Amino acid sequence: MPRWGMVIDLDKCFACQSCTAACRMENNTPPAGKDQAGMGRTILWNEVLPFVEGEYPNVKATLLPRPCMHCDNPACIKVCPVQATYKNEEGLVLVDYNRCIGCRMCTVACPYAVRYFNWYAPEWPEDLKAHLNPEPEVQPRPKGVVEKCTFCVQRLRQARETAEAEGRTFQATDYVPACVQTCTAHARYFGDLDDPDSLVSKLAHSPRAFRMFEELGTQPKVFYLKQG
Amino acid sequence: MEPKNPFTKAILAPVRKISTGDTLLWGTLLVLLLAGGAAWTWQYIEGLGITGMNRPVYWGVYITNFVFFIGLAHSGTFISAILRIAGQSWRAPLTRAAEAITLFSLPFGAGSIIIDMGHPERIFNLLFYGRYQSPILWDVTAVSLYMLSSIVFFYLSLIPDIALCRDRLTGAPRWQHRMYEVLALGWNHSPEQYRRLEKALDGMAVFMTMLVVTVHTVVSWLFGMTVQPGWHTALIGPFFLLGAILSGTAAVVIVLALLRKAYRLEKVLHLGLFNSLRKLLITFVLGWLYMMIAEHLTIGYSSMTEEMVVLTDKFSGAYAAVFWSMAALVFGVPLLVFLFKGKNNIGWMVFACVLINIGMWMERYIVIIPTEASPRLLTVMGQGSYLPALPEILITVACFAGMALLYAVFTRFFPIVPIWETAQELPGHAHAAETSPTGD
């Protein structure tokens, strides 16, 4: 079984946010509208977060793309009372929208703030509605449940189906999430962390590699390559 | 043979004398309760979006209410169970009044969790798929067990008095008399019955004491088990428990004063009770201060970056006003009142106890919100903020109104002072004379 992981090279990323846009189209996350966005209720499975340190004139800004970390020891799964959020055998942290009771304990517990709550039933403007992704895994989520980045789990299924249809064995390189595919600067790498020869595995062992909040013991499977 | 209690008449007097004042009060409370019900329906249809909750403040006043009402519920168990084990016989006249607070605040504590859920109709998923790794399930288990045991404990000690109602209130409407008959379970004041009842209550008191400690500790672990700054401390359990007992005991003072006044129970709910409660409250207020210092000094002294963000917010930032007024309301003013004005003065006692409960609600709020508003990852992007919206306010008011309504109605149908427990003499064994009220 592959153990899916991602590496993001912060030297290459120039924060164009195309990952965020691609994610939105791939995974049918609804536009929040101005009022809701003002309340911080926008649902963005992938976000590019600006970290501004220091005060003028000594300001340092770092831009950090943040998908779900798909932790090996996830804080969200521990606290879910009904096992609506779970880790599958390939290490992907997923949500069962039909089981989630909307208690939001996972959103409170996740230190990476990757989990989003559906405050209202999702709505799309007519023009956008025609372009929703028809895949079953990303059908619009009902109000009152939590959702999050899945590393585009529907693409994994599609890749497996394609491989089977073409009569060949599925390769870890057959599948990438939408943010990785779209990344303008080729800053994102995706693959099997358990395969020592895979590019992600090698990059994850690079001296530049770090993980967010390593000290919390969550064991994220998203690695960053330091800037500079 | 009935228990010999010179105050039986006085205690039974308020039962089923429903006055115009009662009707007005009940009506008002019912309207407030229904308004909350309407707000909840509105929220159920529209989604939690109509509240002020947001990202990162995912939990707001509903969770605050949950912690507060469960805390309030600790009054009864403390007075009845813990003081029972400790052999504090002075508590006898106020046991039922205190236990009734437990009984009637628990549904609103537990209910607040359900109100906070995005999918309340999926509540049974907790049974089907419940997973004990989650603190929410610990809460659900502990609180429902607590609710169940409180009902049993309360009912057991009510049986002899229901039997008295059955025998004495023969003029009551048929349905009501029938209710007493059924609920009295054929109690006939035999010595053996009293012996067994005392034994059962003693046994349950031990169990309830363990439960009361567990319940509020588990409630705090909803927060303490996460790695979030401000929550992740081992002290949060004992601190929540002590706060619960403080606000619960303060609530007992308020309720006693109201009952005494409204139902002319001055002789039974005598001043001595207030003086005893005053001593307890001084201890709890000082204990609360101790916890407060222990917690904040540990955090402040070690000054870890993310912990300091939350601490600074409370001490001098966005939440400073709430934090310091909370400290004044829970500790500063009440302690001065208890020490210098409270003795032999019910008015001052009630004043301080109202302040304590307002302060304790604010304390729950100040534990929950600032940590959420400054999460590790988002702090650098800007502070989260939260203000409760109309439905949240309506539902909060409704919780308090609902609790008061249940309490008010109960006192018109059942004696709020336990007649048999305050009796000078019980069939079968000479009841300790000092447990009976000494009118002063």
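Student: What should I know about the numbering and the confidence limits?

Tutor: Residues are numbered from 1 along each chain as its sequence is written, while chains are lettered from A and ligands numbered from 1 in the order in which they are written. As this is a predicted model, local features need pLDDT of at least 70 and side-chain atom pairs count only at pLDDT 80 or more, whereas totals for chains, interfaces and linings use all residues.

Student: Let's take chain B. How many helices and strands are there in chain B?

Tutor: Helices (H or I, at least four residues) and strands (E, at least two) are DSSP runs, numbered from the N terminus. Chain B has 15 helices and zero strands. Its radius of gyration is 23 Å, close to the 22 Å of the globule rule for 440 residues, so chain B is as compact as a globular protein of that length. That radius is taken over C-alpha atoms, and the rule is 2.2 Å times the number of residues to the power 0.38. The C-alpha trace of chain B spans about 75 × 50 × 40 Å along its principal axes.

Student: Which residues of chain B touch chain A, by class?

Tutor: Two residues are in contact if their C-beta atoms, placed from the backbone, lie within 7 Å. In this model, 35 residues of chain B are in contact with 37 residues of chain A. On the chain B side, α7(B) gives the largest share, three residues. That side divides into 18 nonpolar, 11 polar and six charged residues. Here Ala, Val, Leu, Ile, Met, Phe, Trp, Tyr, Cys and Pro count as nonpolar, Asp, Glu, Lys and Arg as charged, and the others, Gly among them, as polar.

Student: How do I read a pair of packed helices?

Tutor: Two packed helices are described by the angle between their axes and the distance between the axes. Axes are lines fitted to C-alpha atoms, for helices over the stretch in contact, and angles run from 0 to 180 degrees between N-to-C directions. Angles under 35 degrees count as roughly parallel, over 145 as roughly antiparallel, 65 to 115 as roughly perpendicular and the rest as oblique. Among the residues making the contact are B:Phe104 and B:Phe108 of α5(B) and B:Met403 and B:Leu406 of α15(B). By class, this contact has 10 nonpolar, three polar and no charged residues.

Student: And what is the angle between α3 and α14 of chain B?

Tutor: Helix α3 (residues 61-72) and helix α14 (residues 346-373) of chain B pack at about 135 degrees, with their axes 9 Å apart. They are therefore oblique to each other. Residues that meet here include B:Val67 and B:Phe68 in α3(B) and B:Trp361 and B:Arg364 in α14(B). The contact divides into seven nonpolar, two polar and one charged.

Student: Is A:Asn28 buried or exposed?

Tutor: A residue is buried if 20 or more other C-beta atoms lie within 10 Å of its own, exposed if 12 or fewer, and partly exposed in between, with C-beta atoms placed from the backbone. A:Asn28 has 21 C-beta neighbours inside 10 Å, so it counts as buried. Its phi is near 55 degrees, a positive value in a residue other than glycine.
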